[in-house]
Amino acid sequence: MTSPQEETRTPPLPGVAMALVPVAATVAILVGGIGVLKYPAELMLIFAGVVLSLFAAWYGTSLAQILTDMGEKIKRALPAILILLSIGMLIGTWMISGTIPLMVYYGLKLIDPAYLYVLAFIVTGIVATFTGTSWGAGGTIGVALIGVAQTMDVSVAITAGAVVSGAYFGDKLSPLSDTTNMSSLAAGADLYEHIRHMLYTALPSSLLAIAVFLVAGNSIGASSVDLGEVEGTLTELEGLFTLNPLLLVPPALVLIGSIMKKPPLVVLFVSSMSALVLAVLVQGFSVADLFAATVSGFTTDMLPDGGAVSDTLTELLQRGGLYSMYQSAFFVFCAFFFAAALENSNVLRVLLRRMIEGLRSTGGLVSTTLLSGFAIINGTSNALVTFFLVNDLYGEAYKKRNLHPVNLSRSMEDSVTITEVLMPWTVSGVFFATTLGVANFEFLPWAVFNWSGFAFSVLLAVLAPLTGGFGIRRRQPEPEPEPEPEVAQR
């Protein structure tokens, strides 16, 4: 029998040179396999996880331990998985009720193509700020804006980049956002101080995004937009759906429920149920169609003239349903197998600790924090876990340099929250690529707010010695305790 000491023995850590081997292999598999060769992301994550598992086993960690850790990660992520499935249901029910077609109709009537991209950024940002969820904003108003872009025959990739930028601008600055709350909690910063401090990077990156989207929109000539097709789509939508303002009730319920801080799953479910009621009362669909749209997604075959629907509208309308998110849900399992293997291999811990030992300046510390956050979120695919890992690695270093916790919490947001969506092997990346129908590397160059937020955060840190510490907040010296008054002795 093994002694208790043997059972709890901590596996030895690999050296720096050895730790680089599985890291190089993992980067080659993920970037080469997914980004270059376009192999399925799920399979590449499993391959990378196997490589890391073999490395962990070499240093004494069993596969059973890795699978146990994977199960723990999935348990913690279960609420996010349920929200993922619920948004699939929401899209299907909003389609059959006519809610999304109504949004597209209003968008085609009101939006000038030259301002579509910048409005996609602003409108999605407003929705995300009020609801506190980038996923909710992208899965609702984002889908409608993609439909507008498809109908106008303008760049879907730029529109998707604007939607992603707006969704994460609002999510990052919303006091209702779980990532905003958890990053400030992990770093030990006050929530509203954290939000104010993020403006140093959020404002310049949002202004840059607006400028880019205005320039890109103004490059669309009048001849680039087929106005005849737009008019034809408007007429077709009027013929296929009863476009009643009552159809805005489901999104209004999402907005109200989010502001009232009701549980997201409850809010999404209530909104979906209201959409199903409207689908019967306003559109006249059968109960069988309602169930099919909820589970399998809406199809044009459900429409009275399903066979006569144009290709443009067919591509727009046929989406949603619980099944549409099954692939993303399966991806979560693959991602967490990879994350558990990465964690048990200890390679990141070894490499990051060595990096910390060599830091000599505030700019170096903040820049390394940003790079580490980006690396860890790509490995764990879980922002909340990453926040606490980053704090464990760098919290003491920030204290020793007399840096306020809001510097650390902002670095977490700029390296974790807003960058996760850019990579096709993360949960958020898969969600937006699936929901918007645009591959991550296609919208990545246009997700201006996301990559420029990271860049501005690095810039502030590096230029701090020249700018007098602009954007870098120091701790206030703690007041010395007042001497206790002497008590007269009897």
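Reader: What should I keep in mind about numbering and confidence before I start?

Author: Residues are numbered from 1 along each chain as its sequence is written, and side-chain values use heavy atoms, with hydrogens and water left out. The model is predicted, and local features need pLDDT of at least 70, side-chain atom pairs count only at pLDDT 80 or more, and totals for chains, interfaces and linings use all residues.

Reader: How many helices and strands does the protein have?

Author: Helices (H or I, at least four residues) and strands (E, at least two) are DSSP runs, numbered from the N terminus. Here the secondary structure comes to 24 helices and 0 strands.

Reader: At what angle do α8 and α10 pack?

Author: Axes are lines fitted to C-alpha atoms, for helices over the stretch in contact, and angles run from 0 to 180 degrees between N-to-C directions; angles under 35 degrees count as roughly parallel, over 145 as roughly antiparallel, 65 to 115 as roughly perpendicular and the rest as oblique. Helix α8 (residues 156-173) packs against helix α10 (residues 191-218) at about 160°, with the axes 11 Å apart, and the two are therefore roughly antiparallel to each other. Contact means heavy atoms within 4.5 Å, and among the residues that make it are I158, F169 and L173 of α8 and I195, L199 and F213 of α10.

Reader: Which residues of α14 are buried, and which are exposed on the face turned away from them?

Author: Buried means under 20% relative accessible area, exposed over 50%, and partly exposed in between (1.4 Å probe, protein chains only). An α-helix has 3.6 residues a turn, so residues three or four places apart point the same way. In helix α14 (residues 287-295) the buried residues are L290, A293 and T294; seen down the axis, they fall within an arc of 100° (taken from the directions from the helix axis to the C-beta atoms), so they line one face of the helix. The face of α14 turned away from this buried side carries the exposed residues A288 and F291, and α14 is followed by G297, whose phi is positive, near 100°.

Reader: Where does F241 lie, and is F241 buried or exposed?

Author: F241 lies in the loop between α11 (227-240) and α12 (249-259), and F241 is buried, with a relative accessible area of 3%. Leaving aside neighbours within four places in sequence, F241 is in contact with residues including M95, P101, F298 and L317.
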